[in-house]
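Here is a friendly walk through one protein model, written for someone who would rather look than calculate. Please keep the viewer open as you read.

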Amino acid sequence: MPNNNNGSKWIRPDKRLAIYLRDGFTCAYCGSSGVLDRAPLTLDHLQPRELGGTNEATNLICACRDCNSNRRSVGLDDWLARLPDSSAIAQRINTRTSTDLTPYRAKAKALIHGNHFVVTDIRRRADMSWRSEHLHA
Ligand SMILES: [Zn+2]
């Protein structure tokens, strides 16, 4: 059965959560937060699957549902060109996708298995990550 971009079964839950953690639960494109803005979050393929993009973490980014559906399968360069401050966004994407996912996968597994100490630490770090990305503080 082909993978379905609109469903959630194409990626393991802990890998999806790990990428959300890596990305501080914020949309790479508009910066809205799944925590503070309660934006519905999705994973977006930087290189669209229609153009040969993979499901590797280096090709996946946290994006809000609005940005993901606005982009559809537009190539990354064309999509970035439509956004304000596209060079800052490209830098943010580079920073995220060059980050080793391994520790985030470990945290995601702990979260899924209900380790409350880890959950608290993740919430604090997600908030700190959001602040450093948005408030420069
Ligand atoms: Zn967005």
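What follows goes from the overall layout to a helix pair, a strand pair and a few loop residues.

**Before you start**

This is a predicted model, in which local features need pLDDT of at least 70 and side-chain atom pairs count only at pLDDT 80 or more, while totals for chains, interfaces and linings use all residues. Residues are numbered from 1 along each chain as its sequence is written.

**Layout and confidence**

The chain has six helices and two strands, taking helices (H or I, at least four residues) and strands (E, at least two) as DSSP runs numbered from the N terminus. Along the sequence they follow the pattern α-β-β-α-α-α-α-α. Of the 137 residues, 28% are buried; buried means that 20 or more other C-beta atoms lie within 10 Å of a residue's own, exposed means 12 or fewer, and partly exposed is in between, with C-beta atoms placed from the backbone.

The average pLDDT (the predictor's confidence in each residue, from 0 to 100) is 87 for the chain, and 86% of the residues score at least 70. Confidence is highest in S2, at 98, and lowest in helix H6 (residues 116-134), at a mean of 70. Over residues 1-5, pLDDT stays under 50. Where pLDDT is low, the predicted coordinates should not be read in detail.

**Helix H1 against helix H5**

Helix H1 (residues 13-22) and helix H5 (residues 102-112) have axes that come within 8 Å and cross at roughly 120 degrees. Those axes are lines fitted to C-alpha atoms, for helices over the stretch in contact, and angles run from 0 to 180 degrees between N-to-C directions. On the H1 side, the meeting residues are Pro 13, Asp 14, Lys 15, Leu 17, Ala 18, Leu 21 and Arg 22. Their counterparts in H5 include Tyr 104, Ala 108 and Leu 111. Contact here means C-beta atoms, placed from the backbone, within 7 Å. The residues of this contact divide into eight nonpolar, no polar and six charged, where Ala, Val, Leu, Ile, Met, Phe, Trp, Tyr, Cys and Pro count as nonpolar, Asp, Glu, Lys and Arg as charged, and the others, Gly among them, as polar. The buried residues of H1 are Leu 17, Ala 18, Ile 19, Tyr 20, Leu 21 and Arg 22.

**The strand pair**

Strand S1 (residues 41-45) is largely enclosed by the rest of the structure, because five of its five residues are buried. Leu 41, Leu 43 and His 45 point one way, and Thr 42 and Asp 44 the other way. S1 pairs with strand S2 (residues 60-64) in the antiparallel sense over five bridges; pairing requires that DSSP finds at least two bridges. Thr 42 has Ala 63 as its bridge partner in S2.

**Loop residues**

Phe 25 sits in the loop between H1 and S1 and is buried, with 23 other C-beta atoms within 10 Å. Leaving aside residues up to four places away in sequence, Phe 25 touches Tyr 20, Ser 33, Gly 34, Val 35, Leu 41, Cys 62 and Ala 126.

Most residues other than glycine have a negative phi.

Key:
Two residues are in contact if their C-beta atoms, placed from the backbone, lie within 7 Å.
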